[in-house]
Amino acid sequence: MRLQKYLAHCGAASRRACEAYIAQGRVTVNGRVVATQGTQVMPGDVVCLDGREMRPEARKAYILYHKPIGEVCTASDPQGRPTVLDRFRDFPQRLYPVGRLDFDSEGLLLLTNDGDLAQRLLHPSREVDKTYLARVNGDVPIDAIRRLRAGVPLDGRLTARAEVRAIRRTGVETVLLVTIHEGRNRQVRRMFDAVGHTVLMLRRVQFGPLSLGGLKRGAWRELSDEEVAALKALS
């Protein structure tokens, strides 16, 4: 089995992240640093990440977490901020987030030790829909909504077509549902910036077939077998 696939199978992270770990020299095989992608792992080999032996985990875990504002989606943070994994330090499996939510955003976050599934879900070719509830300053006109739907320029290229629907207007603020399938950095916030409005609150309420529902901030639950099957059908 290729080294990056083996690490993902052990729950280290997504396959893409494991490739980065290898390139950074953080992975050893039988005590020797291996920085070559595609290295084959043979039965009996001892593979370590940051000095910790990695072994395939028998049980795969799939967690739906309502990330609150004020947590970062990384295993550790150089600034000492709380991470989404702090609540899972005593969990039997080593979990990793599938994708990210900004520090100042909240909502549905999938956590798992199934690195292969995470890699497939995050691959751009899968075009997994992500739906956000956005509270935005001002009265967002229909012309701006049409521009968001058609695509606005970010980093020199248009965003992909999006579903955008206003569900409440107060005259001072507009609440909208926004569905995208791209994963650019702070994309929804930057899309509204591009049409002259600032996002005041952003909550992810759906990821593919998964819905946040009434799960409270900071709470989590394991996915049902049906939900796991629906995720795997996407990938």
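Helices here (H or I, at least four residues) and strands (E, at least two) are DSSP runs, numbered from the N terminus. The model is a predicted one, with residues numbered from 1 along each chain as its sequence is written. Local features need pLDDT of at least 70 and side-chain atom pairs count only at pLDDT 80 or more, while totals for chains, interfaces and linings use all residues, and side-chain values use heavy atoms, with hydrogens and water left out.

H5 itself covers residues 187–194, and its buried residues (under 20% relative accessible area, with exposed over 50% and partly exposed in between; 1.4 Å probe, protein chains only) are Gln-187, Val-188, Arg-189, Met-191 and Phe-192. These pack against strand E8 (130–137), helix H4 (142–150), strand E9 (153–154), strand E12 (173–180) and strand E13 (199–207).

With 6 of its 8 residues buried, E12 is largely enclosed by the rest of the structure. E8 and E12 run antiparallel and are joined by 8 bridges; pairing requires that DSSP finds at least two bridges between two strands.

Now for the packing. A nonpolar core is taken as a set of buried Ala, Val, Leu, Ile, Met, Phe, Trp, Tyr and Cys residues joined through side-chain atoms within 4.5 Å. The largest such core has 32 residues, and Leu-95, Leu-111, Leu-176 and Phe-192 touch the most other members. Two or more residues each come from strand E5 (62–67), strand E7 (106–112), E8, H4, E12, H5 and E13. Apart from this core lies another, of 18 residues, among them Tyr-6, Leu-7, Val-34 and Met-54.

Contact means heavy atoms within 4.5 Å. Setting aside neighbours within four places in sequence, the contacts of Leu-176 include Tyr-132, Ala-134, Ile-145, Val-164 and Phe-192. Ile-145 sits in helix H4 and counts as buried because its relative accessibility is 2%. Not counting residues up to four places away in sequence, Ile-145 touches Val-140, Val-164, Ala-166, Arg-169 and Leu-176. Its C-alpha atom is separated by 37 Å from that of Asp-225, 80 residues apart along the chain.

Elsewhere, 4 strands make an open antiparallel sheet in the order E2-E1-E3-E4. Strand E2 (32–33) and strand E4 (52–53) are the edges, each pairing on one side only. Strand E1 (residues 27–29) runs antiparallel to E2 and is joined to E2 by 2 bridges, with Val-33 in E2 as the bridge partner of Thr-28.

Last, the pockets. A pocket is an open set of points on a 1 Å grid over the protein atoms alone, where a 1.4 Å probe fits, with protein on both sides within 12 Å along at least five of seven lines; lining residues have an atom within 4 Å of a point. The second largest pocket has a volume of about 170 Å³, volume being the space filled by probe spheres set on the points, which are joined across faces, edges and corners. Its lining includes Arg-52, Phe-88, Arg-89, Arg-94 and Leu-95.
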